[in-house]
Amino acid sequence: MSTRLIVDGVLGRDMTREIWSASYDKVLPVSLQDFDLSAVLPAVFYMFRFGQRRGQGKFLKIFGSEAEVLRERKQTATIERVASELAKKVQFEGFEGDAEQAILGDLLLCFCLENVKRAMGRKEQIQRVAPAHYMSSWVDLPDKVTNLRYVPEMIVAMLADQESEFVRQNQEGDKTWFAVGRGFEDNVLLREFNRGIIRRGELGSRTSDHFDENEQVGLDQLLMIRLAQQLGEAPDKIRGGEKWQISNQRPIAEKVAREFSDDIRRFVRSYADIIPRHAFVELMESCISVGMATIITSVLEIVFEWAETGTVRKKCEQNPTYLFVDCSNGVDRFLRGLSEQSFNDFMRKTERFPIVLMALRLLDWGARYDPDIKKIGIKTRPYATEWLNMLGDLLHERREEARAIHYDFARKSEQLAEKLEEDHPEIAQMLRNTKSQPNPVWRLSEALTYLQGRSNTIAQVIKLIDSSLMVNRPNGLSLKRSVIRASSIEGNRTRTEVRSIVFTDSVLDYLVHLHLIPSGNKGGTRHLSFKDFVHILHNRYGFCVDTAPPGLSISNELLQANRMILERRLRDLGLLVGVNDAETMKRLRPRFEFTAEEDHEFDKTSCNNSK
């Protein structure tokens, strides 16, 4: 009998279905799996435009074959086939020849579409669409929005900043930067990506968005518009078993979620019309990568503290994990080694994350069906802080209802141990070992996580982190390499993967330009010294440049060398000026002059009102 069936028999099928997962949306409302960050923005565009999750569109119908098997239809949807179909249209007159279609295909691959595994060539299967323009939201790639692991839904919820259970269509007069289901002019993100688009027809119609042929747009944007025009309409909302509504659940790291929203809003408003679109899309991906990485590390810090105290850290005290950055991007082997060591320390801490999430899911199940707790009516959306604090009280037996819940878990632990003692004696011993772990919640959580297997727990967490950091991408935050190391005990040589945090040129471009934006409706740029910039990187994002992260010893010589490398790279990129060696005279400058944004009272945030 499989372990899942054994657990089903003890806990019950309904309870097992709830807890046999790697995720817990009240803490982090995404699936702990890999996703492609470069495919997130088109899905975000669609959700903002129509206020619902994207379903099936017409990409495969128009550009795939007529094969009955879905897999075969997907395989025939190639750059070559798309270019061939587009060349038949009057807008592509002159592209009928093989050479012309090859050029058109290369342009599509460069600006609009991406093959499976980012493969080159015009005969590979297409898997993703790039956010060159708002009309990319008409292209249903990937074919299932769930393949993006609910990351677009979380981003939309954070930016929309509503208080309801689900993200709703905004009404006229609502004060928000990111209106949902309204016109383009009411949404900062859509407004900057919809150049040339006018609406003819009802607001909610999937065919009402049209391109004004008199409008001048870049080649990359025009290609995306023409591609979308061949589809005829935007995709339908999601159907079947999946819900079309956008969950308003947000990560428990409330402070970082707010900062992420502010960063996107300020960066898009200031630079979308100035930076060339292709470069701007890369910077936007760096923006989301930095935001996602900070959210994930902040969530981890909050969750680990909750496991010890049973309380969610106050908003103004929430900080990300501090990680050492290799500013040489792997060129200096000493700095690379220190960054890899810092990240390895972080990954070792992460090993316990699935166990804590399992404990949260178990307590959540017990609390939701407790009649006394149910009467309280604790809200879990948009933030589940109060709910997690209540679960912490149950974990540490600070509530009267905890006795019955702990007794039930102790009883289930014994039942499960009895079923497992023959095939899994080590797990049965774990469930019965009240001396090393007297709390039945932790015993049951550890046992169930162990039964799920590493590939279904910590391996999925690592995939989520890698995807968020855009590992080994030219605009990502991390490098990964494979090394062979000898065991200190047995002397065996094993191959392992190590990661380091780095600042690619795109990430530096984004961070510098973001923090040079002055507050309010002020002209010019904010005066920002190099020293203050390094301070911001540390305090806001947890990026350690000239300071050692807690628990890691680094010589002052290497710290100063790392700082000097960052300073030199900023100078080479044209982002730093200084007339002498005085620290106060070294200041950052933008490569793109931005437009000032208006300051609105409702957009201001204050930690003074936070818990």
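Predicted model: local features only at pLDDT ≥ 70, side-chain atom pairs only at ≥ 80, totals over all residues.
I will start with helix H8, which covers residues 151–160. Ten of its ten residues are buried, so I would call the helix mostly covered. Among them are Val 151, Met 154 and Leu 159, and also Glu 153. Just after H8 comes Asp 161, with a positive phi of about 55 degrees.

Next, the aromatics. The structure holds 15 aromatic pairs. In one of them, the ring centres of Phe 193 and Phe 280 are 5.9 Å apart and the planes are at 45 degrees, so this pair is tilted. Phe 193 belongs to helix H9 and Phe 280 to helix H12, 87 residues apart. Phe 280 has a relative accessible area of 0%, so it is buried. Phe 280 also pairs with Phe 267: here the centres are 5.6 Å apart and the planes at 5 degrees, so the pair is stacked.

Lys 237 lies over the face of Trp 244, 4.5 Å from the ring centre, and the charged end of Arg 381 sits over the ring of Phe 166, at 5.1 Å from its centre.

Last, Ser 500, in strand E7. Is Ser 500 buried or exposed? Its relative accessibility is 2%, so it counts as buried. Its contacts beyond four places in sequence include Arg 336, Glu 340 and Leu 477.

Technical notes
Residues numbered from 1 in each chain as written. Heavy atoms only, no water. Helix = DSSP H or I, 4+ residues; strand = E, 2+ residues; numbered from the N terminus. Buried < 20%, exposed > 50% of the residue type's maximum accessible area, 1.4 Å probe, protein only. Contact = heavy atoms within 4.5 Å. Phe/Tyr/Trp six-rings, centres within 6.5 Å; stacked < 30°, edge-to-face > 60°. Lys NZ or Arg CZ within 6 Å of the ring centre and 35° of its normal.
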